[in-house]
Amino acid sequence: FQQQSTDYADQRRMQREAEKDERNRNQPSRQEIEKLHTARSEAATIVSALEDFRREFENTGTWSALKSVAGATTPVNTAYNTAALLAKGEQLFNLGVLNGPDLDIIRRTLPDPSTAKGAMTSTQDMGSAVNKVIDLLQTRLASREKQLGLPITDVRGVANELRATQPGGPTQQPSNGPIAPGAIEEGYRFKGGNPADKNNWERVR
(Lines give C-alpha, C1' and ligand atoms only; values in the text may rest on other atoms or scores of the structure.)
Protein backbone atom coordinates (compact mmCIF):
# COMPACT_ATOMS: atom_id res chain seq x y z
CA PHE A 1 0.00 0.00 0.00
CA GLN A 2 2.88 2.34 0.84
CA GLN A 3 4.44 1.68 -2.60
CA GLN A 4 1.12 2.51 -4.30
CA SER A 5 0.90 5.80 -2.39
CA THR A 6 4.44 6.68 -3.42
CA ASP A 7 3.69 5.85 -7.06
CA TYR A 8 0.52 7.98 -6.96
CA ALA A 9 2.41 10.90 -5.44
CA ASP A 10 5.08 10.64 -8.12
CA GLN A 11 2.42 10.58 -10.85
CA ARG A 12 0.72 13.67 -9.40
CA ARG A 13 4.06 15.49 -9.22
CA MET A 14 4.89 14.60 -12.80
CA GLN A 15 1.42 15.70 -13.91
CA ARG A 16 1.78 19.07 -12.14
CA GLU A 17 5.19 19.60 -13.72
CA ALA A 18 3.77 18.74 -17.16
CA GLU A 19 0.91 21.21 -16.64
CA LYS A 20 3.39 23.88 -15.56
CA ASP A 21 5.53 23.26 -18.64
CA GLU A 22 2.43 23.54 -20.83
CA ARG A 23 1.48 26.90 -19.26
CA ASN A 24 5.02 28.16 -19.72
CA ARG A 25 4.96 27.17 -23.38
CA ASN A 26 1.72 29.13 -23.89
CA GLN A 27 3.07 32.26 -22.19
CA PRO A 28 5.00 34.78 -24.31
CA SER A 29 8.64 35.09 -23.42
CA ARG A 30 10.08 38.27 -21.96
CA GLN A 31 11.85 38.93 -25.25
CA GLU A 32 8.58 38.56 -27.21
CA ILE A 33 6.82 40.99 -24.88
CA GLU A 34 9.62 43.54 -25.18
CA LYS A 35 9.54 43.26 -28.98
CA LEU A 36 5.78 43.75 -28.95
CA HIS A 37 6.07 46.88 -26.79
CA THR A 38 8.57 48.24 -29.31
CA ALA A 39 6.21 47.36 -32.18
CA ARG A 40 3.30 49.11 -30.48
CA SER A 41 5.35 52.26 -30.01
CA GLU A 42 6.62 52.12 -33.60
CA ALA A 43 3.10 51.62 -34.99
CA ALA A 44 1.75 54.56 -32.98
CA THR A 45 4.57 56.78 -34.25
CA ILE A 46 3.79 55.80 -37.84
CA VAL A 47 0.07 56.44 -37.41
CA SER A 48 0.79 59.83 -35.82
CA ALA A 49 3.00 60.79 -38.79
CA LEU A 50 0.33 59.63 -41.24
CA GLU A 51 -2.32 61.72 -39.49
CA ASP A 52 0.00 64.74 -39.58
CA PHE A 53 0.50 64.23 -43.31
CA ARG A 54 -3.25 63.90 -43.89
CA ARG A 55 -3.81 67.19 -42.05
CA GLU A 56 -1.07 68.99 -44.00
CA PHE A 57 -2.45 67.72 -47.30
CA GLU A 58 -5.96 68.90 -46.45
CA ASN A 59 -4.64 72.34 -45.52
CA THR A 60 -2.39 72.76 -48.56
CA GLY A 61 -3.34 75.58 -50.92
CA THR A 62 -3.00 75.41 -54.69
CA TRP A 63 0.18 77.48 -54.86
CA SER A 64 1.84 75.39 -52.17
CA ALA A 65 0.83 72.25 -54.07
CA LEU A 66 2.45 73.64 -57.22
CA LYS A 67 5.65 74.37 -55.31
CA SER A 68 5.60 70.81 -53.96
CA VAL A 69 5.44 69.41 -57.49
CA ALA A 70 8.25 71.76 -58.53
CA GLY A 71 10.46 70.17 -55.87
CA ALA A 72 10.38 72.97 -53.31
CA THR A 73 10.48 72.19 -49.60
CA THR A 74 6.93 72.61 -48.36
CA PRO A 75 5.16 71.52 -45.17
CA VAL A 76 3.20 68.86 -47.03
CA ASN A 77 6.32 67.45 -48.70
CA THR A 78 8.11 67.36 -45.37
CA ALA A 79 5.13 65.64 -43.71
CA TYR A 80 4.93 63.13 -46.55
CA ASN A 81 8.64 62.31 -46.44
CA THR A 82 8.45 61.73 -42.70
CA ALA A 83 5.34 59.54 -42.96
CA ALA A 84 6.64 57.62 -45.98
CA LEU A 85 9.99 56.94 -44.32
CA LEU A 86 8.32 55.59 -41.20
CA ALA A 87 5.55 53.80 -43.08
CA LYS A 88 8.11 51.70 -44.93
CA GLY A 89 7.66 49.61 -41.83
CA GLU A 90 11.18 48.17 -41.78
CA GLN A 91 11.24 48.22 -37.99
CA LEU A 92 7.87 46.46 -37.79
CA PHE A 93 9.09 44.00 -40.44
CA ASN A 94 12.15 43.21 -38.32
CA LEU A 95 9.87 42.75 -35.29
CA GLY A 96 7.74 40.22 -37.17
CA VAL A 97 4.58 42.38 -37.35
CA LEU A 98 4.69 43.19 -41.09
CA ASN A 99 5.72 40.94 -43.97
CA GLY A 100 7.16 41.66 -47.41
CA PRO A 101 3.81 41.99 -49.25
CA ASP A 102 2.60 44.38 -46.53
CA LEU A 103 5.55 46.70 -47.22
CA ASP A 104 4.73 46.68 -50.95
CA ILE A 105 1.10 47.59 -50.23
CA ILE A 106 2.16 50.51 -48.04
CA ARG A 107 4.59 51.85 -50.65
CA ARG A 108 1.97 51.67 -53.42
CA THR A 109 -0.94 53.07 -51.40
CA LEU A 110 0.26 56.49 -50.24
CA PRO A 111 0.26 59.11 -53.07
CA ASP A 112 3.32 61.38 -53.22
CA PRO A 113 2.28 65.09 -53.25
CA SER A 114 5.52 66.03 -55.00
CA THR A 115 4.22 64.29 -58.14
CA ALA A 116 1.52 65.70 -60.41
CA LYS A 117 -0.67 62.65 -59.78
CA GLY A 118 -0.26 62.95 -56.03
CA ALA A 119 -0.92 66.70 -56.02
CA MET A 120 -4.17 66.16 -57.95
CA THR A 121 -5.39 63.55 -55.48
CA SER A 122 -8.55 64.68 -53.70
CA THR A 123 -8.52 65.09 -49.94
CA GLN A 124 -11.09 62.29 -49.74
CA ASP A 125 -8.93 59.86 -51.73
CA MET A 126 -5.84 60.84 -49.76
CA GLY A 127 -7.74 60.27 -46.53
CA SER A 128 -8.81 56.83 -47.78
CA ALA A 129 -5.20 55.97 -48.65
CA VAL A 130 -3.99 57.01 -45.20
CA ASN A 131 -6.78 55.01 -43.55
CA LYS A 132 -5.86 51.94 -45.60
CA VAL A 133 -2.28 52.05 -44.35
CA ILE A 134 -3.39 52.62 -40.74
CA ASP A 135 -5.91 49.77 -40.94
CA LEU A 136 -3.19 47.45 -42.22
CA LEU A 137 -0.93 48.38 -39.31
CA GLN A 138 -3.79 47.87 -36.83
CA THR A 139 -4.70 44.47 -38.30
CA ARG A 140 -1.15 43.13 -38.34
CA LEU A 141 -0.36 44.37 -34.83
CA ALA A 142 -3.61 42.91 -33.47
CA SER A 143 -2.83 39.58 -35.13
CA ARG A 144 0.55 39.45 -33.40
CA GLU A 145 -0.98 40.41 -30.03
CA LYS A 146 -3.66 37.74 -30.39
CA GLN A 147 -1.00 35.18 -31.25
CA LEU A 148 0.79 35.98 -27.99
CA GLY A 149 -2.45 36.04 -26.00
CA LEU A 150 -2.06 39.74 -25.13
CA PRO A 151 -4.61 42.60 -25.14
CA ILE A 152 -5.31 44.27 -28.50
CA THR A 153 -3.93 47.80 -28.84
CA ASP A 154 -6.03 50.60 -30.34
CA VAL A 155 -3.16 52.02 -32.36
CA ARG A 156 -5.18 55.09 -33.40
CA GLY A 157 -5.95 55.88 -29.77
CA VAL A 158 -2.30 55.56 -28.77
CA ALA A 159 -1.29 57.75 -31.73
CA ASN A 160 -3.84 60.40 -30.72
CA GLU A 161 -2.39 60.47 -27.22
CA LEU A 162 1.07 60.84 -28.75
CA ARG A 163 -0.04 63.69 -31.02
CA ALA A 164 -1.77 65.45 -28.13
CA THR A 165 1.64 66.02 -26.56
CA GLN A 166 3.00 67.64 -29.73
CA PRO A 167 2.60 71.27 -30.87
CA GLY A 168 -0.56 72.11 -32.82
CA GLY A 169 -0.77 71.85 -36.57
CA PRO A 170 -1.13 74.57 -39.19
CA THR A 171 -3.99 77.04 -38.97
CA GLN A 172 -4.42 77.54 -42.71
CA GLN A 173 -7.85 76.38 -43.85
CA PRO A 174 -8.20 73.82 -46.61
CA SER A 175 -8.95 75.10 -50.10
CA ASN A 176 -11.49 72.67 -51.51
CA GLY A 177 -13.67 74.87 -53.74
CA PRO A 178 -12.87 76.58 -57.05
CA ILE A 179 -10.40 79.46 -56.86
CA ALA A 180 -11.76 82.80 -58.00
CA PRO A 181 -9.56 85.18 -60.03
CA GLY A 182 -7.87 87.61 -57.68
CA ALA A 183 -7.60 85.08 -54.84
CA ILE A 184 -4.31 85.31 -52.96
CA GLU A 185 -2.45 82.33 -51.58
CA GLU A 186 0.94 82.49 -49.92
CA GLY A 187 1.83 85.82 -51.51
CA TYR A 188 0.61 84.98 -55.04
CA ARG A 189 -2.53 86.24 -56.83
CA PHE A 190 -4.55 83.96 -59.11
CA LYS A 191 -5.09 85.63 -62.51
CA GLY A 192 -7.67 83.13 -63.74
CA GLY A 193 -7.69 79.98 -65.86
CA ASN A 194 -6.23 76.69 -64.70
CA PRO A 195 -4.97 77.10 -61.10
CA ALA A 196 -2.57 74.18 -61.65
CA ASP A 197 -0.66 76.27 -64.20
CA LYS A 198 1.93 78.37 -62.39
CA ASN A 199 1.83 80.92 -65.22
CA ASN A 200 -1.65 81.87 -64.03
CA TRP A 201 -0.24 83.16 -60.73
CA GLU A 202 1.61 86.38 -60.05
CA ARG A 203 3.51 87.55 -57.03
CA VAL A 204 1.73 90.21 -55.00
CA ARG A 205 3.87 93.34 -54.89
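For the residue classes used below, Ala, Val, Leu, Ile, Met, Phe, Trp, Tyr, Cys and Pro count as nonpolar, Asp, Glu, Lys and Arg as charged, and the others, Gly among them, as polar. The model is predicted, with local features needing pLDDT of at least 70 and side-chain atom pairs counted only at pLDDT 80 or more, while totals for chains, interfaces and linings use all residues. Residue numbers run from 1 along each chain as its sequence is written, and side-chain values rest on heavy atoms, with hydrogens and water left out.

On to the overall layout. The protein has nine helices and three strands, taken as DSSP runs numbered from the N terminus (helices: H or I, at least four residues; strands: E, at least two). Along the sequence they come in the pattern α-α-α-α-α-α-α-α-α-β-β-β. Of its 205 residues, 34% are buried, where buried means under 20% relative accessible area, exposed over 50%, and partly exposed in between (1.4 Å probe, protein chains only). Contacts are heavy atoms within 4.5 Å. Among those with a separation of 6 or more, 63% join residues 24 or more positions apart.

Next comes the nonpolar interior. In soluble globular proteins, nonpolar side chains tend to be buried together. A nonpolar core here is a set of buried Ala, Val, Leu, Ile, Met, Phe, Trp, Tyr and Cys residues joined through side-chain atoms within 4.5 Å. The largest such core has 31 residues, and Leu50, Phe53, Leu92, Ile106 and Leu137 touch the most other members. At least two residues of this core come from each of α2, α4 (75-87), α6, α8 and α9 (155-164). Helix α2 gives the most, with nine residues. Setting aside neighbours within four places in sequence, Phe53 is in contact with Val76, Ala79, Tyr80, Ala83, Leu110, Pro111, Pro113, Met126 and Val130.

A cavity is a set of points, on a 1 Å grid over the protein atoms alone, where a 1.4 Å probe fits but cannot get out, and lining residues have an atom within 4 Å of a point. Grid points are joined across faces, edges and corners, and the volume is the space filled by probe spheres set on the points. By this rule the count is one cavity of 30 Å³ or more, and the largest cavity has a volume of about 30 Å³. Glu32, Lys35, Leu36, Ala39, Leu95, Val97 and Arg144 line the largest cavity. Helix α2 (residues 30-58) supplies the largest share of that lining, four residues. Sorted by class, the lining has four nonpolar, no polar and three charged residues.

Then there are the charged pairs. Side chains of opposite charge can pair when their charged atoms come close. The structure holds seven salt bridges, each a side-chain nitrogen of Lys or Arg within 4 Å of a carboxyl oxygen of Asp or Glu. One of them joins Arg54 to Glu51, with the closest N and O atoms 2.9 Å apart. These two are separated by about one helical turn, because Arg54 and Glu51 are three residues apart in helix α2. Both Arg54 and Glu51 are buried. Another salt bridge pairs Arg55 with Asp52, the closest N and O atoms being 3.3 Å apart. Arg55 and Asp52 also lie three residues apart in helix α2, about one turn of the helix. With a relative accessible area of 27%, Arg55 is partly exposed.

Asp102 and Arg140 form a salt bridge too, at 2.9 Å from N to O. This pair links distant parts of the chain, with Asp102 in helix α6 (residues 100-109) and Arg140 in helix α8 (residues 123-147), 38 residues apart. Asp102 has a relative accessible area of 1%, so Asp102 counts as buried, whereas Arg140, at 28%, is partly exposed.

Gln91 belongs to helix α5 (residues 90-94) and is partly exposed, at 34% relative accessibility. Not counting residues up to four places away in sequence, Gln91 touches Thr38 and Glu42. From C-alpha to C-alpha, Gln91 is 9.3 Å from Ala43 in space, though 48 residues separate them in sequence. Gln27 is in the loop between α1 (2-26) and α2, and is exposed, with a relative accessible area of 54%. Gln27 and Gly149 are 122 residues apart in sequence, with their C-alpha atoms 7.7 Å apart in space.

Note on methods: 1 Å grid on protein atoms, 1.4 Å probe; cavity = no way out; pocket = protein on both sides within 12 Å on 5 of 7 lines; lining within 4 Å.
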